[in-house]
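Thanks for asking me to look this one over. Here are my notes, point by point, to read alongside the structure.

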Amino acid sequence: MKEVKNVEYGLEKIFEGAQDFLPLLGTDYVEFYVGNAKQAAHFYKTAFGFQSFAYKGLETGCRDYASYVLAQDKIRIVLTTPLNSKSPINEHLRKHGDGVKIIALWVEDATKSFEETVKRGAKPFMEPTTEKDEHGEVVRSGIYTYGETVHIFVERKNYKGLFLPGFREWKSDYNPASTGLKFIDHMVGNVGWGEMNQWVNWYEEVMGFVNFLSFDDKQITTEYSALMSKVMSNGNGRIKFPINEPAKGKKKSQIEEYIDFYEGPGVQHMAIATDDIIKTVMELKVRGVEFLSAPPPAYYEEIPKRLGKHMDMMHEDLKVIEKLAILVDADEDGYLLQIFTKPLEDRPTVFFEIIQRMGAKGFGAGNFKALFESIEREQEKRGTL
Ligand code: FE2
């Protein structure tokens with residue numbers, strides 16, 4: 001995909017063919033609906049090093065739900081739980097369990113973003129709504145994407161407050177240190193059989209994205225299962241949404257397992273960038289985060305071959321990389337290091353990826369086989385392979 005300069009918005013680059021009519025400035029926040037937000041907040045602080053940031057609930061006059069906002073560098077996650085049986089959030093939880101409800105996108109103009117996307121066929125979730133407090137105003141609007149997942153557009157150019165009107169600062173005496181997580185690299189969606197291209201078209205037509213990488217079931221296959229994946233990017237490359245679809249194999253695809261347990265399409269994983277994956281992973285392990293099991297030793301023996309010309313610039317100790325079960329892949333531009341957590345809850349649905357890019361722009365396609373074999377070992381234990 002050829003890159004050209006986008007002068008109008010001063011953004012670093014734009015993929016040719018993308019229509020940046022929104023345009024998207026970045027991920028604003030990711031909101032999870034959870035069964036117990038107070039306890040989930042403790043988990044994400046303790047295990048992943050997120051910091052207490054903002055809060056909304058009974059104490060701030062919100063009678064229907066409680067939301068805890070956690071931050072780490074540029075990442076903001078919101079954990080929301082209903083406070084009574086009448087909240088529509090209950091229905092979402094009953095069906096999907098804990099999971100990502102909202103991928104919020106930071107825009108210049110939330111009203112225009114809503115109008116442009118709805119005009120192009122998006123199903124509305126929330127009409128443009130202005131919320132105010134003493135720090136100014138925020139305009140938000142929202143549309144549905146795959147399954148019951150939602151994109152909220154957030155316009156905050158006239159707001160000086162901490163997060164959103166209605167939230168207050170959340171101060172805590174319990175503040176575990178950061179684990180070096182910096183920003184969201186990409187968010188991956190799982191969709192059902194035969195639905196990938198429909199959602200690829202949706203991101204192209206409704207959001208103005210381009211499909212800049214594709215993997216078919218011949219590239220992403222193991223002895224037992226397969227999947228197909230297409231990576232969608234907005235014009236300036238800040239937002240990347242790979243979309244996975246299950247493919248036929250001898251046994252059940254991990255995407256199918258996800259769809260079965262989430263009871264529909266949804267966010268499979270959130271990839272978070274670090275600039276020192278060894279330090280980050282060592283710290284996460286000390287704090288009890290569980291990762292997928294290591295690939296066989298042969299995987300690490302092949303790394304110099306896989307990295308080729310990039311091997312010289314690799315300054316990480318391969319022995320340490322192997323000991324921590326970190327995966328390594330390379331493309332034309334450089335290499336990347338990545339590792340995947342086990343699911344973050346009891347249903348085998350959403351998980352995190354930790355990624356360090358050393359020039360590489362890909363998504364670890366060379367690791368898919370090793371990764372899937374590792375997931376299959378877990379599926380085997382769950383009786384869902
Ligand atoms: Fe990923």
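1. In this predicted model, strand β9 (residues 136-144) runs antiparallel to β8, and the two are paired over seven bridges. Across that pairing, E137 in β9 has K132 standing opposite.

2. α1 itself covers residues 37-48, which is 12 residues. From first C-alpha to last, α1 reaches 16 Å, close to the 16 Å expected at 1.5 Å a residue.

3. Which residues of α1 are buried? They are A37, A40, A41, Y44, K45, A47 and F48; do notice that a lysine, K45, is on that list. After α1 comes G49, with a positive phi near 80 degrees.

4. Now to the metal site. The iron ion has H186 (NE2), H269 (NE2) and E353 (OE) as its protein donors, at 2.0 to 2.2 Å. Along the chain, the donors follow the spacing H-x82-H-x83-E. H186 sits in strand β12 (residues 181-190) and E353 in strand β19 (residues 351-358), so this pair ties together parts of the protein that are 167 residues apart in sequence. Are H186 and E353 buried or exposed? Both H186 and E353 are buried.

How values were computed
Residues are numbered from 1 along each chain as its sequence is written. This is a predicted model: local features need pLDDT of at least 70, side-chain atom pairs count only at pLDDT 80 or more; totals for chains, interfaces and linings use all residues. Side-chain values use heavy atoms; hydrogens and water are left out. Donors are N, O and S atoms within 2.8 Å of the metal (3.2 Å for Na, K and Ca); water is not among the atoms, so sites may look incomplete. Helices (H or I, at least four residues) and strands (E, at least two) are DSSP runs, numbered from the N terminus. Buried means under 20% relative accessible area, exposed over 50%, partly exposed in between (1.4 Å probe, protein chains only). The expected span of a helix is 1.5 Å times one less than its number of residues. Two strands pair if DSSP finds at least two bridges between them.
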